[in-house]
Structures are given as C-alpha cells and as structure tokens.
Amino acid sequence: MSTSAPSQTRRVQGEERTLRQALGRLSPYLQGMRWRWVAGLIAAMLAGLVALAIPQVIQVLVNSVLRPGGSQTDVWSAVVVIAALGIAEGVLIFLRRVFILPPAAGVENSARVALYRRLQRLPVAFHDSWPSGQLLSRSVADLGLLRRWIAFGSVMFVVSLVTIAVGLALLFSSSWVLGLIYLAGAIPIMWRSFYFRNDFRAASRLSQDQAGDLATTVEESVHGIRVLKAFGRGREALEGFRGQADTLRGTEVHKATVLSKFIALIVALPEAVLGVALAVGLYLTATGEITVGALAAFFATAAVLAGPVESVGQLMGMTLSAKTAIDRHIDVLDSPVDIASPGEATFGGDERAQPAAHASAQEHRGGGALAFRGAQFRYPDAPADSTPLLQEITLELVPGETMALVGLTGSGKSTLVQLVPRLYDVTAGAVLVDGTDVREFDLTELRRRVSIAFEDATLFSDTIRNNVLLGAPEQILADPALADALLELALDTAQAQFAHEMPEGVDTEIGEEGLSLSGGQRQRIALARSIAAQPQILVLDDPLSALDVRTEEKVTARLREVLSGTTTLIVAHRPSTVALADRVAVLQQGRIVDVGTHTELLRRSADYRFIISSFEEDRSIESVMDSGVITGMLPVVSPDHQGPDDGHAPGQGASPDAGGDEDGADFTETERRAVEARADVVADNPAEAVTDADTPGTDARTGEAR
Ligand SMILES: Nc1ncnc2c1ncn2[C@@H]1O[C@H](COP(=O)(O)OP(=O)(O)OP(=O)(O)O)[C@@H](O)[C@H]1O
C-alpha cells in the first residue's frame, strides 16, 4: 500500500452520457414504482402552485376586500381561503414524501444489489485493476447520494423550474413592466448556468473519484494495520492519508466555490432587481397604471419565487452530482465480464442473462482428469509485446493423481493453478477437465468440480461451520446429519480439530476475515473448506505454508487418504509435500521443464535439486530428516553456493544418485539471489531455522507479526 504519495485517481471510464441517457439506465430499478415517483412529483407541483395561488388571493383581498366599503365577511372568506391553501400545501408536501421515499429507497437498493451482483460476476482481473475503495464508495456513498436526489433533488428541481416559470407568468400578469425587470435579472443567471454546469460536473466527478481513492487508503490501512504497526509506519501512513485528504478537501473547496459563486449570483441578482422593481412599482401605482393589489401580488409572488430561485443552483449541483454517481455506477455495470459461461452475456448490464452451457460439459461428469495443452498466459496489464508469463504449458493429470508443482518464487505457479477454475483464462492453448475445455463449462458447474485453496486464507466473518461448508454440495447441506459428517471429515482431514476447542466449538464466530485465528489455523479452516466442497479436482496453492512441518505432513498424508479419488494439483514449498505427490512438475520461468516422481527428479534434474534446496523447509533440516521422507537425499545448501550455472549443482555431493544435468539450469538473477539469501540464513543461524509456524502472532514465511 502507498503510505506517502496519494494514489492516482481513477478517471472516467466509458463514454460520456447525457443526463437523459444516464436516467434511462436507472429506469429498470424503478420498475413497479414509477407511478409513485410521478404521484410524488404531481403532489410537489401542486404544492408549488398552491404556494403561488396565495399571492393571487392577496391581490383580490387588497383590490376588493380592503377597498373602502369592503365587507367583513369577505375579509373572513379571504382568510379562510388563504388558511385552506396553506393547509393544502402542507398536506401536499406530506404526500410528496409518502409517495417518493419508497421508490428512492427502492432504486438505491436495486442499484446496490445490481452492483454487487456485477462485482461477483466480474473476473479477478477486473478486481486486480480496480481499487477496492472505488467500489466501496460507488456502492455506498454514490448510491446514498442517488437516493437523496431521487427523493428530493429530482422532484424539487423540476418543481422549482415549473414554479419559476409559472411565477414569472404571474409577475407578467401583474405588470409586464415589472415582469420584464424581474426577467432581466434572470438572463445573466441562465448564461452563467451553462458554465456552472460544466465546471461543477468536472469538480463533482473529481471529488467522487478522490473520495473513492481515500476509501481505498482507509481500507488498506485498516486491513494492513498489523504491518503498519510492526514496521512503525503509522506516521508515514498518516502523512499519505493527509495528502490525499488535503487533495480531496481542495477539490471540495473548489466545488463549493463554484457552487457558491453561482448561488451568490442567483440570490443577489433577483434581490437587486426587486429593489428596482419596488421603485418602478411605486411609480406605476402612483400613476395609476397598476393597482395596489397588483403591486402587493407582485412582491408576494417574488417572495414565493425566492425559495425556488435560491435553491435551483443547489438542486442543479445535486443533479450533476447524481448524474456523476449514475455514471460511476454504470462504469462498473458496463465493465465486460470476459470470463463467463458459454452463451452468457459478457457486456452491458443484462444481469439476468441465463448461461447456456455446453451440453456435454453439463451432463458428463467424468473422473477428474486435468490437462494443460500448450497453455499460455499473460496478465491483462502486461505490455502486449512482453513475453507471456506462462508458455507452452503441457501437463496431464489422470483422475485421482496428486501432482506437486514446484518452482522458484515468481515462476508463475499461482498463476498456473488459477487457470483451472478460470480465475483467469489462458491467452492461448487450453486447460481441459475430463477432456473438455474449461471455457465450455458452465462456470458454476466448473467451480463445483474444481475447488481451490490459497496460501492467503481468506475467511469470512461468520461461524467456522459456515466458513467450512461454504462450497459444500447443496444436497448435503439440506441434510443436517450429512452436513455435520462432512464438516467433521473436512476438519479432521485438514487437522483443524482445534475448532472444537473454541468457546462455541464450530459455531464460534471468527471475526472479520478470521483475524482472531492464527495464520496456520486460518489456512487449515480454508483447506477444510476446499475439502468440504467435495471437488473432483482439488487445487492447492501452497495452502499449508503457515503450518509446521509435522502438521503439514499429517495434513498431506490425511489428504491423500481421504481424497484418494480426487485429482490434486498442489503448489508445494516443502520436500515433505512433494515427496507425497505421485508426480512433480517443475516450473521454471513460466515453462514446465520436467515432470517425474520426486525421486526421479532428485536423481536426474539439477534444476529440481536447486529448487528443493531453496525451500524454506531447509531451515529445519532436522525436521526434514525426522520425517524420514527424504533422509539422505536432500541436498544441503552451503552459503557459498553459487547456483547451478556455476557448474556445481546444489547437493551434488549429497546424493549418490545426483548425476545432475547442470546445463538445464537457467535461473534469473532474482531467483538466484533468493536462494543465496536463504542459504546465508541457514548458515548463519541454524537454530532460527526451526520455527513453529503455527504459533499465533507470527507468520512463519515472513516473520511478520500478525
Ligand atoms: N494480478 C497480477 N497482475 C499482473 N502481474 C501479476 C499478477 N499476479 C502475479 N503477477 C506476476 O506474475 C508473476 C508470477 O506470479 P505468481 O504469483 O504466479 O508466481 P509464484 O510462482 O506463485 O510465486 P510464489 O512462489 O512467490 O508465490 C510475478 O512476476 C508477478 O509479479
């Protein structure tokens, strides 16, 4: 996360829309409630017209009732009429609120649900590139603004404009001279409105985007509070935040200045014009060109118009902000869903499009064979002419086989395994499940067959039970006894029985993101979740990294026992894990350079030995030897080790079989430095190497406080 410079504000996506086009996109959310909005608008209009009728009654009162010889009864009649109009105005305002609030809240709710639904459908690549704060501000602040605009701003804007138009007509009917004077003040206002609209819209978009960036920063710093504290970077984080907050404040002040200047104009001009109108009006009355009643009605009408005239600027600002909110909402809705089921809409907002999955992929439930055929992948944000991260990946896993995937850091292992459940799509070649391209499957069906557990175990603020059974088959969830049995099996396999010792057992709430658990506990719950999904193919992206060696071995052994029929592709960072796999694939710089059993690879591949020697588990040489899995075979890394391309394959002397194919080694400088750094740690401080990674409060891989 950035702790200093404010992040780049995400700018307008998509095309510019008119207010009408933007409102058209809101139309489906008003389904069934449109009449209420119209009824509210009518009530508000009537209230405005009633307010304008009162000066007309005053005119009649002054001209006829208050004339010499006017009757007292007429006075009382006029009073009753004015009181009745006042009450009617109050009732109409009440009705406006009663009618309008449900559609406003309804639109906010529907828009929020549509946005969330879209976020669920959008591919991981979208989430990689969109800051979470932007999405948060679009789903909370923007939609709140939209509700207020629908409930109040939109109606009052229309009502104000109508009131001003009708009011002007009445002013002209009182006296065309006075009407012209009043109108003369309106012309500069209309002229300024045009510029105001553009300035305010730009400022409004900028401030809403910057508010999204600020939300991202808050979200990141709350999420990463432990790291900030552990590294004492609170002050820098605060400074970075302050910089962003100041930028936003600057934009808000600019926005308020633009608005204030406009409001000042639309308030001051009519008031000044009224002064002129008073002088001219008195002259016209004195010369008998207009009646006293007409003059009184003119000023009473001008007083009624003062409110709409003053608020029209605010309401226009609110309307423009609402339009920006709608634009920002549509930006997300219109982002293409380029990973979808066959036949499913990938563009636009057709959220109800039904997937038309490939028939054979739906019906045929094979045994869980997994294959990569010439798979190639490049991240969407990588330069188009860059070398693909993964190239010519060809691998075959037979049903029930366990294959470990090893490679140095950054070689593309996590990326490769994410191609299986289509978190990303290959850019060339194919990934096949039971002989069918994964792109041919209905996504739900594919993800039912393939379950994945990540190193970064994300849990939800819910009970352990619900976290584990998140992806369990529905027919099992429907039967509480079966669900309990599945829960037990999953927890037992993942060595997560600690769940039963928690205050409320498996029904214990684990807090936001499961942060009340240790890293190893979180990983085991996440692993149990993948097991409980009962997949045909289990993809494990180094999900046991925070476990100590022995626990990891127990988990791996239980996995093999319980999931003997499940095809498993596991990214491994420990010799004990790879040793339990049927076969191991070696990934190097985005290519599979060898596939074989652990023993075969140790014997024939210098690349493999080099990778194995870089594994963190080397810290715990004793543990590895204890495990008995690779006793006598694990190469020992020495601090002066230079990597395979120095002509000495690592561990060459450690294994009698290690003939070595040194010429196959082709590591990047980064990879080599990573290995050398590890070797230095082992040499300098072997004791430190033995860690209980499953201890709450420490992350074994990074050493960071959690
Ligand atoms: N979302 C992303 N967008 C762009 N590039 C990415 C993305 N995720 C990973 N990369 C890049 O892809 C490369 C491979 O990353 P990947 O996580 O697949 O490697 P890995 O072998 O799993 O590494 P490790 O063992 O450290 O987990 C890295 O250089 C990384 O910077």
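**Close-up views of a predicted model**

**View 1. Helix 3 and helix 6 cross with their axes within 9 Å of each other.** The crossing angle between helix 3 (residues 72-121) and helix 6 (residues 141-174) is roughly 155°. The model shown here and in the other views is predicted. Angles over 145 degrees count as roughly antiparallel, and helix 3 and helix 6 are therefore roughly antiparallel to each other. The crossing of the two helices is right-handed. Helix 3 contributes R96, I100, L101, P103, A104, A105, V107, E108, A111 and R112 to the contact. From helix 6 come L143, G144, L146, R147, I150, A151 and V155. Sorted by class, the contact of helix 3 with helix 6 holds twelve nonpolar residues, four charged and one polar.

View 2. Strands of a sheet pair through backbone hydrogen bonds, and the pairing can be parallel or antiparallel.

**View 3. Strand 1 pairs with strand 2 in the antiparallel sense.** Strand 1 covers residues 370-377 and strand 2 covers residues 390-397, with five bridges between them. L370 stands opposite L397 of strand 2. F377 has L390 of strand 2 as its bridge partner. In a regular strand the side chains alternate between the two faces of the sheet.

**View 4. Strand 1 is also joined to strand 4.** Strand 4 consists of residues 428-433 and runs antiparallel to strand 1, with five bridges joining the two. F372 has V431 in strand 4 as its bridge partner.

**View 5. A shell of residues surrounds the ligand.** Among the surrounding residues are D128, Y379, D381 and L389. The shell also includes G407, T409, G410, S411 and G412, together with K413, S414 and T415. Which helix gives the largest share of this shell? Helix 12 (residues 413-418) does, with three residues. By class, the shell around the ligand has seven polar, three charged and two nonpolar residues.

How values were computed: Residues are numbered from 1 along each chain as its sequence is written. This is a predicted model: local features need pLDDT of at least 70, side-chain atom pairs count only at pLDDT 80 or more; totals for chains, interfaces and linings use all residues. Two strands pair if DSSP finds at least two bridges between them. Helices (H or I, at least four residues) and strands (E, at least two) are DSSP runs, numbered from the N terminus. A residue is near a molecule or strand if its C-beta atom, placed from the backbone, lies within 6 Å of it. Ala, Val, Leu, Ile, Met, Phe, Trp, Tyr, Cys and Pro count as nonpolar, Asp, Glu, Lys and Arg as charged, and the others, Gly among them, as polar. Axes are lines fitted to C-alpha atoms, for helices over the stretch in contact, and angles run from 0 to 180 degrees between N-to-C directions. Angles under 35 degrees count as roughly parallel, over 145 as roughly antiparallel, 65 to 115 as roughly perpendicular and the rest as oblique. A crossing is left-handed if the near helix is turned anticlockwise from the far one by less than a right angle, and right-handed if clockwise. Two residues are in contact if their C-beta atoms, placed from the backbone, lie within 7 Å.
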